[in-house]
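Hi everyone, thanks for making time for this. Have a look at the structure on the screen, and I'll talk you through a few spots.

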Amino acid sequence: MDSAIILEKGIFIVIIFAITMLMAMYSTLAERKVAAWLQDRIGPNRAGKGGLLQPLADGLKLFSKEEFLPDTPNKFLFVVGPAISMSVALMTSAVIPWGDKLHLFGRDIILQATDIDVALLYVFGVLSVGVYGIMIGGWASNNKFSLMSAMRAASQMISYEVAMGLAIIALIMMTGTLSLREISAQQSGMNWNIFYQPVGFVIFLICSFAETNRTPFDLAECEAELIGGYHTEYSSMRMGFYLFAEYASMFISSTILAVLYLGAYNYPGMSWAVENWGVNIANVIGIFVLFAKICFFIFFFMWVRWTIPRFRYDQLMRLGWQMLIPLAIANIVVTGIVILLFDN
Amino acid sequence: MSIETISLSGRKKEVSNKKMTFWESLYLVAIVKGLFITIKHLFTRKVTIKYPEQVRTRSDVYRGQHMLMRDDEGRERCTACGLCALSCPAEAITMKAEERKPEEKHLYREEKYASIYEINMLRCIFCGLCEEACPKEAIYLTKSKVLVPSNYDREEFIFGKDKLVMPLEAAIANGKLKNAN
């Protein structure tokens, strides 16, 4: 391995990190704006033009707050909780293919931090570690509401991960690979997986909501019952980390949805663009297309949040175990039959 | 017709406890319907009034900041009879009367005038009873859109004559307008 590759990957990782942070930052503003618009309001519009500096103001405010540490025996875990949430939310972006490749300085630059062949498993592994951030934080808070919230989050994640995994199995049966790079490459043109796996897509979408703790599955932090849920005892930037991690994982979930089902960076006429305009331009457009898809999903997350109320706990469990899992299994069976009948 | 089925508003809906079917219990159809309702609101006109820049239009009978009027020659109308203070349900008005001196004839219309006239804006409820009670048409609640400014000091909320009396120029302008007609 030459040093150029290390430099290239290093720069790329820094860029991805910056973009993820930026997206998470502006998701907080977008959330407030979308919430306002859907409720016929205007939303924050004082800080900067149209409220563009609002995330910075929020961050500054959080930094300047008192850092409160509750009287808990688990001070170490209390500090570790938000750190886990944050780092897990940022780790997933390593295997996402942001584009095909660029041709710069006489070498092909692959637009992916690392192309491991079990990328999908990696994503799932990292995502399911995310619940530890909430669990540890809630447990170490030494507060019954936080603990209840942590328990809810854990059981919710476990329940929905099953359905999510089953939905993915149907997809893997179709694509025959776990590498996100190959999965995106297979969806060139309009060959998007959503057209072949609509049921799987819906199941995966619903489970994404549960995995990111977003409404209607935000039982972990339902203000009405649990004060603030697992971050009740947190203040200052530790609390900021939890809130930030939620938006970062929303960004990552949107990315995974876009990559797996909505054709990643592919857009109709990409091969034509590669021939006529060159690799670089075609792929830069591809990156923007991917971000457009991601932004759509982020908007969708918010749109749903301001549309439907939170599920009751038993409804959540029934939906997960009695509806989504049977549906996902049926989806696998149907996919298998179709592959058997038509692929030979 | 039994009493349970009568609907005066025509919007009464029967509540049923029937078991949901599998598709209903997935909530998908209902959620999609809800999504369409909310997305419609994305494009409706926003109701927010950006306050310091835009000011809400007020009703014709809006009762705002008080004003102690002058007559067309610029003399204060108030004669310090105290009826406004008496009628005030919030006891916001206080005044001190004084006799007019001969050289002050151009300043005050009546022989007695209010040397101190104060309205406590923290007490005032803007009911307009002072306006109704006044026999000299001296106090009015204007349509002024300027609200009582916030302050840390309670003393600042007691408005004296310096803030309440109509500006002289406005009185003269009023007089000219009347003469022109």
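So, in what kind of crossing, left-handed or right-handed, does α1(A) pass α10(A)? It's a right-handed crossing. Handedness here is right-handed if the near helix is turned clockwise from the far one by less than a right angle, and left-handed if anticlockwise.

Some housekeeping: this is a predicted model, where local features need pLDDT of at least 70, side-chain atom pairs count only at pLDDT 80 or more, and totals for chains, interfaces and linings use all residues. Residues are numbered from 1 along each chain as its sequence is written, with chains lettered from A and ligands numbered from 1 in the order in which they are written.

Back to that pair. Helix α1 covers residues 3-38 of chain A, and its axis sits 8 Å from that of α10(A), at an angle of about 110°. Axes are lines fitted to C-alpha atoms, for helices over the stretch in contact, and angles run from 0 to 180 degrees between N-to-C directions. The helices are therefore roughly perpendicular, a label for 65 to 115 degrees (under 35 is roughly parallel, over 145 roughly antiparallel, the rest oblique). Helices are DSSP runs of H or I, at least four residues, strands are runs of E, at least two, and both are numbered from the N terminus.

Who meets whom? On the α1(A) side, A:M23 and A:A24 are among the residues involved, and on the α10(A) side, A:A248 and A:F251 are among them. Contact means C-beta atoms, placed from the backbone, within 7 Å.

Next, the largest nonpolar core, with 85 residues. A nonpolar core is a set of buried Ala, Val, Leu, Ile, Met, Phe, Trp, Tyr and Cys residues joined through C-beta atoms within 7 Å. Buried means 20 or more other C-beta atoms within 10 Å of a residue's own, exposed means 12 or fewer, and partly exposed is in between, with C-beta atoms placed from the backbone. The members touching the most others include A:A167 and A:F204. Helix α10, residues 236-261 of chain A, gives the largest share, 16 residues. There's also a second, separate core of 18 residues, including B:L68 and B:C78.

Just after α11(A), A:G278 has a positive phi of about 95°.

Last stop, B:V148, in the loop between β4 and β5 of chain B. B:V148 is partly exposed, with 15 other C-beta atoms within 10 Å.

Key: Two residues are in contact if their C-beta atoms, placed from the backbone, lie within 7 Å.
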